[in-house]
Amino acid sequence: LIDVSVEFTEESANAFLKSLEEPPPGALLLLIAPAVERQLPTIISRCQVVRFGGLSDELVQEILQREAAVTDAALLARVLRLAGGSPGQALALADPALWQFRSALLTGLLKRPIDTPELAKAWTEFNDEAGKDLAAQRRRASQLIGLLADVLCDSLAVNQGGTPRRTGPEDDRTVREIASRFTPEQLMECIDRCLEAETQVSRFVQLVLVLEALLDAMTQRLAA
């Protein structure tokens, strides 16, 4: 069982191909890849892709209540909306601290002027609270980048006369404030920068540099 949720570089993929082409006798290699389209064609061509659908909201909610003791109705609704039927994703998103820091991050980005160094410091400290495991720190950073991108995407939708899809009623005021304060071009540039940062996290770029660069780029775009 091999987790390939992180993208292969060309060098690592070439090294891994030998194991795929000549596995040990009697071995069955199972590769776990949430984003199959992000894997190299040389890897995919040597595998049989089996796609699994998400679980029902009822089953995910049962898991949340049993494994994480989540009973808060608002938090349950948020998590179920974003988890996409994935129990693992749901459990990761069920951390109240994650949402508290997301709120602080959005508040900081709406300030004028934006205190980029302070935001970067706070974000780094929040990641460090995940423990000394660097993988856990990266997962936490990636989750926050994704949540930030969700708000920006919904703000762009509202800016263009659409309706939010990833955020809920509790975020309506923030989404509409962002939509009214920034242009579609500014929002799209910030969304693109979030996607770039997620890729950098998955490629093991030093985390503090990724976050500082992301916040600096967003500050420049939102202040334009």
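Guide: We start at Arg193, which lies in helix 10. Keep in mind that this is a predicted model. Arg193 is buried yet has no salt bridge. The nearest side chain of opposite charge is that of Glu196, 4.1 Å away.

What does Arg193 touch instead? Leaving aside neighbours within four places in sequence, Arg193 is in contact with Gln200, Ala213, Leu214 and Ala217.

Cys194 is buried, and its relative accessible area is 0%. The closest cysteine sulfur to that of Cys194 belongs to Cys190. The two sulfurs are 7.0 Å apart, too far for a bond. The structure as a whole holds zero disulfides. Elsewhere in the chain, Cys47 counts as partly exposed, with 29% relative accessibility.

Both Cys190 and Cys194 are touched by Met218. Beyond four places in sequence, Met218 also touches Leu109, Leu148 and Leu152. Met218 leads us to the core. The largest nonpolar core has 51 residues. Those with the most contacts inside this core are Leu64, Trp123 and Met218. Helix 8, residues 134-159, supplies the largest share of the core, with ten residues. A second, separate core has five residues, among them Ala13, Phe16, Leu17 and Leu20. As background, nonpolar side chains in soluble globular proteins tend to be buried together.

Now back to helix 10, which covers residues 184-202. Gln186 lies in this helix. Gln186 is buried, with a relative accessible area of 10%. The side chain of Gln186 reaches the backbone oxygen of Arg221 at 2.9 Å. Beyond four places in sequence, Gln186 touches Arg181, Arg221, Leu222 and Ala224. For a sense of distance, take Thr167, 19 residues from Gln186 along the chain. The C-alpha atoms of Gln186 and Thr167 are separated by 19 Å.

What follows helix 10? A loop lies between helix 10 and helix 11 (207-222), and Phe204 is found in that loop. Phe204 is exposed, at 55% relative accessible area. The backbone of Phe204 deserves a look: phi is near 65 degrees, a positive value in a residue other than glycine.

Ala69 also has a positive phi, near 55 degrees, and is likewise a residue other than glycine. Ala69 sits in the loop between helix 3 (57-67) and helix 4 (73-83). Its relative accessible area is 57%, so Ala69 is exposed.

Another backbone detail is at Pro113. A cis peptide bond joins Arg112 and Pro113, with omega about -5 degrees. Pro113 lies in the loop between helix 6 (96-110) and helix 7.

Gln137 is found in helix 8. Gln137 is buried, with 12% relative accessible area. Not counting residues up to four places away in sequence, Gln137 touches Asn127, Asp128, Ala130, Gly131, Lys132 and Leu207.

Lys132 is found in the loop between helix 7 (116-128) and helix 8. The C-alpha atoms of Lys132 and Arg81 are 30 Å apart, and the two residues are separated by 51 residues along the chain.

Finally, step back to the whole chain. The chain has eleven helices and two strands. From the N terminus, the order of elements is β-α-β-α-α-α-α-α-α-α-α-α-α. The C-alpha trace spans about 60 × 40 × 40 Å along its principal axes. Of the 224 residues in the chain, 39% are buried. Take the contacts between residues at least 6 apart in sequence: 63% of these join residues at least 24 apart.

Conventions:
Residues are numbered from 1 along each chain as its sequence is written. This is a predicted model: local features need pLDDT of at least 70, side-chain atom pairs count only at pLDDT 80 or more; totals for chains, interfaces and linings use all residues. Side-chain values use heavy atoms; hydrogens and water are left out. A disulfide is a pair of cysteine sulfur atoms within 2.5 Å. Buried means under 20% relative accessible area, exposed over 50%, partly exposed in between (1.4 Å probe, protein chains only). Helices (H or I, at least four residues) and strands (E, at least two) are DSSP runs, numbered from the N terminus. Contact means heavy atoms within 4.5 Å. A polar contact is a pair of N or O atoms within 3.5 Å; within protein, one must be able to donate a hydrogen and the other to accept it, and residues adjacent in sequence count only if both atoms are side-chain atoms. A nonpolar core is a set of buried Ala, Val, Leu, Ile, Met, Phe, Trp, Tyr and Cys residues joined through side-chain atoms within 4.5 Å. Lys and Arg count as positive and Asp and Glu as negative; His and the chain ends are not counted. A salt bridge is a side-chain nitrogen of Lys or Arg within 4 Å of a carboxyl oxygen of Asp or Glu.
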